[in-house]
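Trainee: I have a protein model open and I'd like to learn how to read it. Can we go through it together?

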Amino acid sequence: MLYGGMNLLQVQICVGSSCHLKGSYHIIKAFEKLIRKNGLEQKVEIKASFCLGNCTKGVSAKVGDRFIEGLSEANVEQKFNEYILGRV
């Protein structure tokens with residue numbers, strides 16, 4: 001997706017039943033906070049998604065074309081740094 005001539009990195013976070021119960025709402029809020037903290041509002045877009053097919057492995061997300069499994073409040077900043085900061 002283009003925004004003001006720039007490519008936006010799309011981050012889809014699963015909000016299906018299993019991920020919801022495992023805290024996907026908190027993951028979305030943490031990602032939004034990290035995006036603001038790093039000044040990436042014009043470069044990263046967060047979207048809710050239904051099942052990404054990895055229900056048993058914790059909260060799932062898709063960053064561009066890469067999947068993240070096992071997201072939790074404990075590792076969200078590390079995963080953000082690894083999968084998002086390195087791409088924008």
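Trainee: Let's start with Lys 37: is this residue buried or exposed?

Mentor: Lys 37 is exposed, because its relative accessible area is 62%. The cut-offs are under 20% for buried and over 50% for exposed, with partly exposed in between (1.4 Å probe, protein chains only). Keep in mind that this is a predicted model, where local features need pLDDT of at least 70, side-chain atom pairs count only at pLDDT 80 or more, and totals for chains, interfaces and linings use all residues. Residues are numbered from 1 along each chain as its sequence is written, and side-chain values use heavy atoms, with hydrogens and water left out.

Trainee: Which side chain does Lys 37 meet in a salt bridge?

Mentor: First the general idea: side chains of opposite charge can pair when their charged atoms come close. Here a salt bridge means a side-chain nitrogen of Lys or Arg within 4 Å of a carboxyl oxygen of Asp or Glu. Lys 37 pairs with Glu 77, at 3.6 Å from N to O. This pair links distant parts of the chain, 40 residues apart: Lys 37 sits in helix α2 and Glu 77 in helix α3. Helices (H or I, at least four residues) and strands (E, at least two) are DSSP runs, numbered from the N terminus. Glu 77 is partly exposed, at 39% relative accessibility.

Trainee: How many salt bridges are there by this rule?

Mentor: Three. One of them joins Lys 29 and Glu 32, at 3.3 Å from N to O. Those two are three residues apart in helix α2, so about one helical turn separates them. Another joins Glu 69 and Lys 57, at 3.7 Å. Glu 69 is in strand β6 and Lys 57 in the loop between β4 and β5, so this pair ties together parts twelve residues apart in sequence.

Trainee: Back to the helices: at what angle do α2 and α3 pack?

Mentor: Two packed helices are described by the angle between their axes and the distance between the axes. Helix α2 (residues 24–37) and helix α3 (residues 76–83) pack at about 55 degrees, with axes 10 Å apart. That makes α2 oblique to α3. Angles under 35 degrees count as roughly parallel, over 145 as roughly antiparallel, 65 to 115 as roughly perpendicular and the rest as oblique.

Trainee: Which residues of α3 does α2 meet?

Mentor: Val 76, Glu 77 and Phe 80 in α3 meet a set from α2, including Ile 27, Phe 31 and Lys 37. Contact here means heavy atoms within 4.5 Å.

Note on methods
Axes fitted to C-alpha atoms, helices over the stretch in contact; angles between N-to-C directions.
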